[in-house]
Amino acid sequence: MSFDAVEAVRVTGAGPAAGALRVPGDKSISHRALLLSALAHGTSTVTGLSRGQDVTHTRRAIERFGVVIEDDGHGRLRVEGPLRHEPDDVLDAGNAGTGIRLMAGVCAGVDGVSVLTGDRFLRRRPMSRIADPLREMGARVDGREHGQLAPLVIRGGNLHGITHAPKVASAQVKSAIMLAGLSAEGPTTVVEAHPTRRHTEEMLLGFGGRVRVDGTRVTVEPGPLSATDVAVPGDPSQAAFWAVAALLAEGGSVVVEDLYTGFGRSDFVDVLRRMGAAIEFDEATGTLTVRSSRLRAVELTAADIPGIVDEVPVLAVAAAVAEGTTVISGAGELRAKESDRIAHTCGMLRALGVTVTETEDGMVIKGGAKLRPGTVDSHGDHRLAMAAAVAAAATEGETLITGWDSVATSYPAFMEDLVSLTGAGVTAADDEV
């Protein structure tokens, strides 16, 4: 049975996670592969693309600009660029914060009007962090609450380069500005307080873009892109769930193959290593190997957060069983993700029998807990739902997880992989919500 459209599931723990697998194509790279292929002159080939709903929304959005995409049905897409005209319909990003923010950067460089929206969760997420610098570059950006919330209306074209220091360390914000900079007059520079993931910088170079990276300072020069072939590797943030699954029960052993190995995406490996995990990451092959281990508490600060912003919910599960008290601070950005990930991660842990204190910018987790079954509301956040499922699979008893249909945005086959690795019992529970 497929669980990708099921609103609620019951998970019964069965034992340790053991086995090998490949996770879906990296979602962040998939968004960028489609957008850069749409901007480039010529026909690009993309393989390994994430099949989650978030990336599907980005694919449909670029087709609204007149970009032709051919799918051979075997995981290979041919994308014929460049963009031909302003979009002929509203651009719906679904639940994808990366999708809507990067598309806003693209739309700022298009001569015409674009309207961007998303689902009810995305329409609550802050957009002023991209709207303000795009306005500074010359785009006209409006939206709800004075341009702070989607739907956004962007009239693009006639941009000029700027130097911008974002208030929030965010690869999405940096990338939106860089993509707009491709169509600006003069160079565009982003100066970050903390270095963030460099997918856009790396991929722009592959498409012939002119990019310079100097520490936390990134500069892009305007100019056309050339079509290329992109092979999307596996998503490390999805592998983090299986790494923690292997650690939770004695006898656990998981191998995840063909992962992305670039800058800023294996920070969760370093965190788990600091916690005492037996974990190896072969960057030559992208292979992650994890074995069950006794974990100890760790302190995570603002400098750690940009590299683990997606993994905090499942790392919190690991902290729950570790010896000692884990303190996470400087993570205020998590309140503006798919859900308030600070409040709702704390709620998930409490539902599973963990003692946790919520703080303004993080949480304090008392470790050494014996996880117990409970009822977890994911609040429509796919990463919370998956973190809860990993914990439930290592728990004696049956756990109800609501909002499970959100997982289809990034990892439609997650439950099938969970069952394969752990033997957990899973049933649909839509009649209980």
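Predicted model: local features only at pLDDT ≥ 70, side-chain atom pairs only at ≥ 80, totals over all residues.
1. **The largest pocket.** Its volume is about 570 Å³. The lining counts 37 residues, and those closest to the pocket centre are Ala169, Ser170, Ala171, Val309 and Lys337. H1 supplies the largest share, four residues.

2. Sorted by class, the residues around the largest pocket are 14 charged, 13 polar and 10 nonpolar.

3. **The largest nonpolar core.** As a rule, nonpolar side chains in soluble globular proteins tend to be buried together. Here the largest core holds 79 residues. The members that touch the most others are Trp242, Leu272, Leu288, Ile365, Trp404 and Phe414. Look at Ile365 in the structure. Beyond its neighbours within four places in sequence, Ile365 is in contact with Ala316, Ala319, Ala320, Gly324, Thr325, Thr326, Ile328, Leu349, Val354, Thr355 and Val356.

4. **Salt bridges overall.** The whole structure has 26 salt bridges.

5. **Asp54 and Lys27.** These two form a salt bridge, with the closest N and O atoms 2.9 Å apart. Asp54 sits in helix H2 (residues 53–63) and Lys27 in helix H1, so the pair links distant parts of the chain, 27 residues apart.

6. **Glu201 and Lys174.** The closest N and O atoms of this salt bridge are 2.8 Å apart. Glu201 belongs to helix H7 (residues 199–206) and Lys174 to helix H6; the pair links distant parts of the chain, 27 residues apart. Both Glu201 and Lys174 are buried.

7. **Arg274 and Asp304.** Their side chains meet in a salt bridge at 3.2 Å, N to O. Arg274 lies in helix H9 (residues 267–274), while Asp304 is in the loop between strand S20 (299–300) and H10, so the pair ties together parts 30 residues apart in sequence. Arg274 is partly exposed, with a relative accessible area of 36%.

8. **A network.** Which residues are linked in a network of salt bridges? They are Arg197, Asp310, Glu311, Arg341, Asp381 and Arg383.

Key
Residues numbered from 1 in each chain as written. Heavy atoms only, no water. 1 Å grid on protein atoms, 1.4 Å probe; cavity = no way out; pocket = protein on both sides within 12 Å on 5 of 7 lines; lining within 4 Å. Points joined across faces, edges and corners; volume = space filled by probe spheres on them. Helix = DSSP H or I, 4+ residues; strand = E, 2+ residues; numbered from the N terminus. Nonpolar A, V, L, I, M, F, W, Y, C, P; charged D, E, K, R; others polar. Core = buried A, V, L, I, M, F, W, Y, C linked by side-chain atoms within 4.5 Å. Buried < 20%, exposed > 50% of the residue type's maximum accessible area, 1.4 Å probe, protein only. Contact = heavy atoms within 4.5 Å. Salt bridge = Lys/Arg side-chain N within 4 Å of Asp/Glu carboxyl O.
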